[in-house]
Amino acid sequence: MSVQETKLKSTIYISGLDMSVTTDALHYAFIPFGDIVDIQLPKDDKSNEPHRGFALLEFETPLDAEAAIDNMNQAQLNGRTLKVTLSKPQKERFDIHKAKVAVWDSESWMQEHVVDESDRRAIEESKGVPEGFDSMQNLENETAGPNES
């Protein structure tokens with residue numbers, strides 16, 4: 001098992017947190033199940049709230065994480081019912097606003113959105129358009145819209 005797989009299996013996702021919950025409170029609530037490596041209580045920069053209502057907590061071993069899930073899922077903390085599950089890997093997000101290339105030039109976008117091999121070939125062929133080619137050239141007398149011939 002790789003270090004990344006071990007880390008993933010040792011990290012739990014805790015949702016349903018009251019806004020008064022702190023990392024210290026989480027530490028005290030979950031330390032009985034094993035050594036805690038890290039606690040993340042993500043904050044929303046656009047909000048005045050202390051956190052977003054969930055946490056990621058990493059244990060030393062996957063067995064510790066399993067014990068925490070078995071014992072703390074549906075438990076009460078500060079008057080709220082917790083949902084405790086094994087954390088899932090974060091999906092790669094493509095931010096089109098930060099991209100310096102067209103979204104369809106991204107291999108992950110291609111794999112997700114290309115229907116078949118002919119689509120992939122068409123996209124690859126479109127990249128072969130000669131430099132300086134103007135697709136709008138000589139269209140001055142053309143009419144936009146459906147062909148009514």
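These questions and answers walk through the sheet of this predicted model and the helices on it.

Residues are numbered from 1 along each chain as its sequence is written. In this predicted model, local features need pLDDT of at least 70, side-chain atom pairs count only at pLDDT 80 or more, totals for chains, interfaces and linings use all residues, and side-chain values use heavy atoms, with hydrogens and water left out.

User: What is the order of the strands in the open sheet?
Analyst: Strands (E, at least two residues) and helices (H or I, at least four) are DSSP runs, numbered from the N terminus. Two strands pair if DSSP finds at least two bridges between them. The open sheet has four strands with antiparallel pairing, in the order β2-β3-β1-β6.

User: Which strands are the edge strands?
Analyst: An edge strand here pairs on one side only. Four bridges join β2 to β3, and four join β1 to β6. The edges are β2 (36–40) and β6.

User: Which residue of β3 is the bridge partner of I14?
Analyst: β1 (residues 11–15) and β3 (residues 54–59) pair antiparallel over five bridges. Within β3, I14 has as its partner A55.

User: How many residues of β1 are buried?
Analyst: Buried means under 20% relative accessible area (1.4 Å probe, protein chains only). β1 has five residues and is mostly covered. The buried count is four.

User: What angle does the direction of α2 make with that of β2?
Analyst: Helix α2 (residues 23–30) packs on the sheet, in contact (heavy atoms within 4.5 Å) with β1, β2, β3 and β6. Axes are lines fitted to C-alpha atoms, for helices over the stretch in contact, and angles run from 0 to 180 degrees between N-to-C directions. The angle is about 140°.

Key. Buried < 20%, exposed > 50% of the residue type's maximum accessible area, 1.4 Å probe, protein only.
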